[in-house]
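Please walk through this structure from its surface and loops to its core and its ring pairs. The paragraphs below take the topics one after another.

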Protein chains: 2
Amino acid sequence: MGTVERTAADLTTDPEYRSGVIDLLGVLAYGELMAFERMAADSALAPTISDKAALAGHAANEERRFEALRDRLLAMDVDPEVAMTPFVRPLEDFHAQTAPSDWLEGLAKAYVGDTIAADFYAEVAQKLDPETRDVVLNVVGATDFLEYAATQLESAVQSDPRVAGRIALWSRRLVGAALSEAQRVVEDRPALTHLYLPDLEGPDAAAQLDAIGLSLTRVIDRHNARMKRIQLEA
Amino acid sequence: MGTVERTAADLTTDPEYRSGVIDLLGVLAYGELMAFERMAADSALAPTISDKAALAGHAANEERRFEALRDRLLAMDVDPEVAMTPFVRPLEDFHAQTAPSDWLEGLAKAYVGDTIAADFYAEVAQKLDPETRDVVLNVVGATDFLEYAATQLESAVQSDPRVAGRIALWSRRLVGAALSEAQRVVEDRPALTHLYLPDLEGPDAAAQLDAIGLSLTRVIDRHNARMKRIQLEA
């Protein structure tokens, strides 16, 4: 299925594709709600009123992106709550395992964790019908928070080598926890997994696996570039 | 001064008026940031995903209203952080004294406390130049949250008489704490106070005091109507 160009018609004619898209919109929507919640909590911890206001603004942006995903689900006649429910546990577990202990860890979590997930979903989006792809890319392509977080983290890392070591360690832990939860979702949600992974029975399985390899390499390269941007080794 | 019709020119020619307006925008701005923060925290406590999403949406609306106030301060060449700073302590103290113990108390706090403050500031806005008045009324006149909260509270109150008693008591405590913080602000910020209170030395002081009395009666009547809306005595 991997080489087929999808169209919006597949959302009604191909039940497995439709299920996969509903899962994708559901996991992204709940992810945005979680991002909203965490950034709002970080806003409450912010060291200055200006930082508090900046985080509140970014949190509100996440909420608006949640609304775009919710509206897309409603337009597909899907109850957003039903679409999100399968992802509540994995996302809550991920966040429970990676609760930041302070303001900088909170920033790093959004800068490292949310963006690696966003880059991954941008790769998945390449396999979607154009309408769904636009909705997804508008959400995962948002960069309003990145520059703010990078500037804050870079200055903290440069001011104290112990901070650099702590944030580097924290980032590795975030990536590990994200991979472990991703693994769980891959196992539990075959339709979602199938949006991205090729049909291993098909004649061009080898070429498709190569394409997946390149796609994952892009995600890792972008992660490394972001770490380098804040003067850290990935 | 109470009967003078203000114009935007007063913002540059009358330093006391300008100070009062900066205070007003500052207290409203920090109030919106606090409202954002509390609604976001309530979102984290919400009993269902739909309630979580609803609260997140209202929190994002509060943040957008904060931005309108911040932008107005910037347009007046005022540092928003400087304008907000005098109100950080009184607002944080108010919120510390009235930390909700659960989801319903959080809703009631916004429904009772935020709206009585908004109604009061709407009365103050009548004494402002038209440009500032529009900014303030757009912020304090927002009703997106009210209908949602009223519906939730009314159904909780009707389902359990003990809830009714608890919310009625909680509401009186909120009003008491709000009046006590308002008293402190009145004492500490004379320019802000003077926007609303008449010049007691002037020839028409008695008429102006009557007008203030009517104005406060309107605020109280609206509060009573909101309590009645959720089947409670004020």
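A residue is called buried under 20% relative accessible area, exposed over 50%, and partly exposed in between, with a 1.4 Å probe and the protein chains only. The model is predicted, so local features need pLDDT of at least 70 and side-chain atom pairs count only at pLDDT 80 or more, while totals for chains, interfaces and linings use all residues. Residues are numbered from 1 along each chain as its sequence is written, chains are lettered from A and ligands numbered from 1 in the order in which they are written, and side-chain values use heavy atoms, with hydrogens and water left out.

Begin with a loop residue. Asp77(A) is exposed, at a relative accessible area of 72%. Asp77(A) belongs to the loop between helix H3 (49-75) and helix H4 (80-97) of chain A; helices here are DSSP runs (H or I, at least four residues), as strands are (E, at least two), numbered from the N terminus. The phi of Asp77(A) is near 65 degrees, which is a positive value in a residue other than glycine. Gln231(B) also is not a glycine and has a positive phi, of about 70 degrees. Gln231(B) is placed in the segment after helix H11 (205-229) of chain B, and with a relative accessible area of 44% it is partly exposed.

Another loop residue is Asp160(A), between helix H7 (144-159) and helix H8 (161-188) of chain A. Is Asp160(A) buried or exposed? Its relative accessibility is 18%, so Asp160(A) counts as buried. A polar atom of the Asp160(A) side chain lies 2.9 Å from the backbone nitrogen of Arg162(A). A polar contact is a pair of N or O atoms within 3.5 Å; within protein, one must be able to donate a hydrogen and the other to accept it, and residues adjacent in sequence count only if both atoms are side-chain atoms.

Now take the two chains together. Two copies of a chain are related by a rotation about an axis and a shift along it.

Ser43(B) has partners in both chains. Ser43(B) lies in helix H2 (residues 15-45) of chain B and counts as buried at 0% relative accessibility. Apart from neighbours within four places in sequence, Ser43(B) is in contact with Phe36(A) and Glu37(A), and with Lys52(B), Leu55(B) and Ala56(B).

Next comes the core. In soluble globular proteins, nonpolar side chains tend to be buried together. A nonpolar core is a set of buried Ala, Val, Leu, Ile, Met, Phe, Trp, Tyr and Cys residues joined through side-chain atoms within 4.5 Å. The largest such core has 144 residues, of which Leu24(A), Leu24(B) and Leu107(B) touch the most other members. Beyond its neighbours within four places in sequence, Leu24(A) has contacts that include Tyr121(A), Val124(A), Leu192(A) and Leu195(A).

Tyr121(A) leads on to the aromatic rings. Over all chains there are 7 aromatic pairs. Rings of Phe, Tyr and Trp (its six-membered ring) pair if their centres lie within 6.5 Å; planes under 30 degrees apart count as stacked, over 60 as edge-to-face and the rest as tilted. Phe120(A) and Tyr121(A) have ring centres 5.6 Å apart and planes at 65 degrees, so this pair is edge-to-face. Phe120(A) and Tyr196(A) are also edge-to-face, because their centres are 4.9 Å apart and their planes are at 70 degrees. Phe120(A) lies in helix H5 (residues 103-125) and Tyr196(A) in helix H9 (residues 190-196) of chain A, so the pair ties together parts 76 residues apart in sequence. Phe120(A) is partly exposed at 27% relative accessibility, whereas Tyr196(A) is buried at 6%.

Notes
Contact = heavy atoms within 4.5 Å.
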